[in-house]
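Subject: Structure for your review

Dear colleague,

Please read the notes with the model open beside them.

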Amino acid sequence: MSDTAQRGELPLTFRRAVEADIPALTELVESAYRGEASRAGWTTEADLLDGRRTDPEGVAAVVRDPKSIMLVVERDGAVIACCQLEHRGAEAYFGMFAVSPLLQGGGVGRAVLAEAERTVRAEWGATQMQMQVIRQREDLIAWYERRGYTRTGELSPFPYGDERFGIPQRADLAFELLVKPLGE
């Protein structure tokens, strides 16, 4: 019996985002990373960044991009998680990952990541998943490492001065590239 069935929860359903999902997805991503609501979960960036994480235009760009899939995760018809998958040749990029703060820590994130990996292998034949994580997010990086991702040490600067990515609360933020080979 699955963990979900043991807890009496309805199963997760996965689908591609459509235009009508943009407002709900924007709200979900914001709630998982910014502001007081994000503190209900463990993925909050509220101590590192103020401002917004994304906006409707940013979500719409992913939904409309023919090289991307915005994966929507629902339970009982409610949007509870999402992620961006971007086709980059043999690699796929994983981003804009969000789980409703009140549902974090219950296995939803693991299920979404597994479905994302399955999807990029099936859709694009991707042999590697890549992502960028704020290097100061040691707890989040450790979570990805437990799922087979490796820190590369390759850093990219945080886009200071571009409030589309938030308002930094410290001067040393950077992104680190994490990678995972995807098997058959």
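In these notes, a residue is called buried when its relative accessible area is under 20%, exposed when it is over 50%, and partly exposed in between, with a 1.4 Å probe and protein chains only. Please keep in mind that this is a predicted model, in which local features need pLDDT of at least 70 and side-chain atom pairs count only at pLDDT 80 or more, while totals for chains, interfaces and linings use all residues. Residues are numbered from 1 along each chain as its sequence is written, and side-chain values use heavy atoms, with hydrogens and water left out.

Let me begin with the cysteines. The structure contains zero disulfides, a disulfide being counted as a pair of cysteine sulfur atoms within 2.5 Å. For C82, the closest cysteine sulfur is that of C83, and because the two sulfurs are 7.1 Å apart, they are too far from each other for a bond. C83 is likewise in no disulfide, its nearest cysteine sulfur being that of C82. C82 is buried, at a relative accessible area of 0%, and C83 also counts as buried, at 0% relative accessibility.

Turning to charged side chains, the structure holds 11 salt bridges, where a salt bridge is a side-chain nitrogen of Lys or Arg within 4 Å of a carboxyl oxygen of Asp or Glu. One of them joins the side chains of E117 and K180, at 3.1 Å from N to O. E117 belongs to helix α4 (residues 108-124) and K180 to strand β9 (residues 174-181), so this pair ties together parts that are 63 residues apart in sequence; helices (H or I, at least four residues) and strands (E, at least two) are DSSP runs, numbered from the N terminus. E117 is buried, with a relative accessible area of 8%, and K180 is buried as well, at 16%.

Two further pairs may interest you. D139 and R137 meet through their side chains in a salt bridge of 3.5 Å, N to O; here D139 is partly exposed at 40% relative accessible area, whereas R137 is buried at 4%. D172 and R170 form a salt bridge of 2.7 Å, N to O, and in this pair D172 counts as partly exposed at 31% relative accessibility, as does R170 at 35%. Finally, R15, D21 and E74 are linked to one another in a network of salt bridges.
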